[in-house]
Amino acid sequence: MGRCALRWILSGMRCVALLVFLVGCVGKHGGDSSAADSAGDSANGTPPCDLLHPWVMGTVEDVVLGGSLARPDVAILTLLDADAWWAKGAVEADGDSCPTFTESDDGTTRTITGDCTTTYGYIFGGTAVFTSSGTEETAAYDHFHFDEREAQNPYGVDADGTFWSDVLSPGDFAFALDLTMTMFGDWPGIESGSEVTYETTLGYGSDVWDGHSDIVSQPASAATGDLCFSDAYHYVDSCDLEDDDVLNLWGSSPATLTWNGSTSCDGCADVTIDGADAGSYCP
């Protein structure tokens, strides 16, 4: 996840409110994320999840690209879910019939159906069904497409799969997802049109992500493959360029990206491949 994108979400008034809605999802797809403990075995390169066609980890560029696609960007998830509900208010205010919103009598299930363009220029397609039960939220996407590149922001995403969340306590929640997403537009570090399958869990109270990602395709690159990842990060108030963050990756070799915002605050990450120093990455 791009640090600028995360800070953009956390600092934007509208996005802060929307992010509260986006706290989760769970499922299985391809790899074995139940085996993805954060420790793994980086000493001998044994990945903590099954890899069918490992992502190549030969250069710093390989590690950086794999790291940028390894876990879903929080900004993308915010766009996917919350902007759809933000658009609902605009639709109701203007009497627009795109997209279609329906709600169960008890208010626990809400459905968004697209294949249309709003008067604001938002493009919708497919279906998204949101179900609430106590502190839990579940979203099921059937090739749900939300694109605002013709409106105010150059972003879009198509999603197929499930997303689950549970608010455990104030400031502490968990989510997991089994989701294939195609990202369009100007996402940091992501080529427009890239398709990735995510099997990811996040424990927000511990700020640790774990999971399996399968990079299915990139329009201008032949680079594909799957990888395991574990990412432990801590927000740094004093540095706008980076947090404290160690991203562990397992593909053809184990690799790490390490940011030290609380000490260096230079926006650069130290990179290792198979336990050896491979240089630095300065976006």
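Author: What follows is a close look at the disulfides, then the chain and its aromatic rings.

This is a predicted model, where local features need pLDDT of at least 70, side-chain atom pairs count only at pLDDT 80 or more, and totals for chains, interfaces and linings use all residues. Residues are numbered from 1 along each chain as its sequence is written, and side-chain values use heavy atoms, with hydrogens and water left out.

Start with the count. A search of the whole structure finds 3 disulfides. A disulfide here is a pair of cysteine sulfur atoms within 2.5 Å.

Take Cys-49 and Cys-228. A disulfide joins them, with 2.0 Å from S to S. The angle about the S-S bond is -110 degrees, and the link of Cys-49 and Cys-228 is left-handed. Cys-49 lies in the loop between α2 (13–21) and α3 (60–70), and Cys-228 lies in strand β10 (residues 225–234), so the pair ties together parts that are 179 residues apart in sequence. Helices (H or I, at least four residues) and strands (E, at least two) are DSSP runs, numbered from the N terminus. Are these two cysteines buried or exposed? Cys-49 counts as buried because its relative accessibility is 3%. Cys-228 is buried too, at 0%. Buried means under 20% relative accessible area, exposed over 50%, and partly exposed in between (1.4 Å probe, protein chains only).

Next come Cys-239 and Cys-265. Their sulfur atoms are 2.2 Å apart and form a disulfide. The link of Cys-239 and Cys-265 is right-handed, with 100 degrees about the S-S bond. This pair links distant parts of the chain, 26 residues apart. Cys-239 sits in the loop between β10 and β11 (244–250). Cys-265 sits in the loop between β12 (254–260) and β13 (269–273). Cys-239 has a relative accessible area of 0%, so Cys-239 is buried. Cys-265 has 29%, so Cys-265 is partly exposed.

The remaining pair is Cys-268 and Cys-282. A disulfide joins them, S to S 1.9 Å. The torsion about their S-S bond is about 115 degrees, so this disulfide is right-handed. Cys-268 is in the loop between β12 and β13, and Cys-282 is in the segment after β14 (276–281). The pair links distant parts of the chain, 14 residues apart. Cys-268 counts as buried because its relative accessibility is 15%. Cys-282 counts as partly exposed, at 45%.

Strand β14 deserves a stop. Asp-277 has its place there. With a relative accessible area of 67%, Asp-277 is exposed. Leaving aside neighbours within four places in sequence, Asp-277 is in contact with Val-271 and Thr-272. Contact means heavy atoms within 4.5 Å. A polar atom of the Asp-277 side chain lies 3.0 Å from the backbone nitrogen of Gly-279. Asp-277 and Val-60 are 217 residues apart along the chain, and their C-alpha atoms are separated by 9.9 Å.

Now the wider chain. It has 4 helices and 14 strands. Of its 283 residues, 51% count as buried. Of the contacts in the chain with a separation of 6 or more, 50% come from residues 24 or more positions apart. The mean pLDDT of the chain is 76, and 73% of its residues reach 70 or more. pLDDT is the predictor's confidence in each residue, from 0 to 100. Over residues 1–44, pLDDT stays under 50. The model has 121 contacts beyond four places in sequence for residues 1–44.

Last, the aromatic rings. The whole structure holds 5 aromatic pairs. Tyr-122 and Phe-146 form a stacked pair, 5.7 Å centre to centre with 15 degrees between the planes. Rings of Phe, Tyr and Trp (its six-membered ring) pair if their centres lie within 6.5 Å; planes under 30 degrees apart count as stacked, over 60 as edge-to-face and the rest as tilted. Tyr-122 is buried, and so is Phe-146. Phe-130 and Tyr-141 form an edge-to-face pair, 6.3 Å centre to centre with 85 degrees between the planes. Phe-130 is in strand β4 and Tyr-141 in strand β5, 11 residues apart. Phe-130 and Tyr-141 are both buried. One aromatic cluster is formed by Tyr-122, Phe-124, Phe-130, Tyr-141, Phe-144 and Phe-146.

Note on methods
Polar contact = N/O pair within 3.5 Å; in protein donor to acceptor, adjacent residues only side chain to side chain.
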